[in-house]
Amino acid sequence: MRIELDRPRCEGHGLCEEAAPALMHLDDDGELVIDSPDVDGEQDIAAAKAAVRVCPVAALKLVAA
Amino acid sequence: MTLRRIVVVGNGIAGLTACDTLRAEGFDGELTVVGAERHSPYSRPALSKALLHGGDGLAAHELPAPTHGATELLGASAAGLDAEARVVKLDGGGGLPYDGLVIASGSRARRLGGGSKQETDDGDGSGELTLRTLEDAVRLNELLAARPSVIVVGGGPLGMEVASGCLHSGCDVTLVTDGEPLVRQLGGYLSGIFTAAARANGLRIVNGPKARLIHSGTAPKVALADGTVLAADLVLSAIGDVPNTEWLAGSGLLTGGVLRADSRGRVRPDIVAAGDVAFFPTRRGLSRVPLWTSAIDQAKAAAVGLLRGDDAPPLEFQPYFWTEGFGLSLKAVGFTPVHGAPDFREQGTDAGSTLLRWEHADGSGTAAAINYRIPIPKLRRLANTGAHAARPAEPVTA
């Protein structure tokens, strides 16, 4: 699976970082950085799903790689 | 006992998060979710923010399609609960037996007219609009296209966001508020910042208690306690929400008319509750916190609480709240309202961009960022106390 970010939609809440700190983070300017766009393994996929779900502006998507 | 069948009543973000969490925690039994709205869950905060301020078409609220594999009964409501027989009764007749139940039936808009609007109703003929559902938002957007004059009743975050959206659409807008806007929710300091921006953007603010709707002629009117009568093409009320607990009357689950959950979301061992419908323990006592992140945090805790009981971690709730309007974006972590001026302040790079922190008597803090892009984990560290706490650079000495 692959995490896709729709950057113009991102408002920098960072709730995704709380849900999946190993996969993404907001940098010092508050811009979201996807550290591991390609996710694989049950644990990472579950974390990626949680991150996608928690975004109030649906800026993240999890798509088939 | 082993849970084979779990029913989730409510298909908003709390119900959705509960379904996702149950699956993530390994529940592979029969999962059924009952949703009064006819669509999959969407982002309710977006309805009064991006959706009302243009720029993203009518898509800002859309969430990815659910992946929990539950049987979704959409457009169906729970009409009753037999907690002894473990059956949820549906409004169309029939029932759903369960081993475990998640109550996430949410809340609806409180109305000046008193009546509670049904999800799909176009109003009760009083002309009073509310903004709670996607249908409400679509209808409001259609109405605003003609640039009507608007009275917004309610000076909370929703009323202010709607007022900002109506101004953005080119409408003449009057906000009727009991006390300064946002004072009750955020405190005087933040209220002052938002109220000044609102006035600068052309919002007319009428401060007076006991606003009521009067029915005369074709256009709706709002009367205040001092005899003032205001008229406009549209009246929209944003005066809070009412938990959807009627279906639980007679279930034995309500205490003094309200639904209370413990720190693991439990109402009883086989029933948990989450989201706008439920009161739960917080540092500030038993509270109902009808906010997006609160619904998500509660639903995660409740789903685990249902599966693991006492072995589930208790919810240590720290509010996260955001609002936008009049060119301002506020993000706040910690309990509000905050009293007085902040103890710490840091100016951002842009004018009007600022990071604020208040200390509370109990040692906790509230951190707020205005037009200041900051990740929430960092804002949480600012609000926190103890070894992991961070502080803005400049104490406020003035």
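## Helix α4 of chain B

Helix α4(B) is mostly covered, with 11 of its 12 residues buried. In this predicted model, the buried positions of α4(B) are B:P157, B:L158, B:G159, B:M160, B:E161, B:V162, B:A163, B:S164, B:G165, B:C166 and B:L167.

After α4(B) comes B:G170, which has a positive phi near 90°.

Strand β4 (residues 78-82) and strand β5 (residues 87-90) of chain B run antiparallel and are joined by four bridges. Within this pairing, B:L81 has B:V88 of β5(B) as its bridge partner. The two strands form a hairpin with four residues between them, and in the turn B:R86 has a positive phi of about 60°.

β5(B) also pairs with strand β6 (residues 95-97) of chain B, again in the antiparallel sense, over three bridges. Here B:V88 stands opposite B:L96 in β6(B).

## Contact between the chains

Chain B gives 21 residues to the contact and chain A gives 18 residues. On the side of chain B that touches chain A, the elements giving two or more residues are α1 (13-24), α2 (44-48), α7 (292-308) and α8 (376-383) of chain B. By class, this side of chain B has 14 nonpolar, four polar and three charged residues.

## Fold and dimensions of chain A

Chain A contains two helices and four strands, arranged from the N terminus on as β-α-β-β-α-β. The C-alpha trace of chain A spans about 30 × 20 × 15 Å along its principal axes.

The radius of gyration of chain A is 10 Å, which agrees with a compact globule, because a globule with 65 residues would have a value near 11 Å. Of the 65 residues in chain A, 40% are buried. Among contacts in chain A between residues at least 6 apart in sequence, 62% join residues at least 24 apart.

Key:
Residues numbered from 1 in each chain as written. Chains lettered and ligands numbered in written order. Predicted model: local features only at pLDDT ≥ 70, side-chain atom pairs only at ≥ 80, totals over all residues. Pairing = 2+ DSSP bridges. Contact = placed C-beta atoms within 7 Å. Nonpolar A, V, L, I, M, F, W, Y, C, P; charged D, E, K, R; others polar. Rg over C-alpha atoms; globule rule 2.2 N^0.38 Å. Buried ≥ 20, exposed ≤ 12 C-beta atoms within 10 Å, placed from the backbone.
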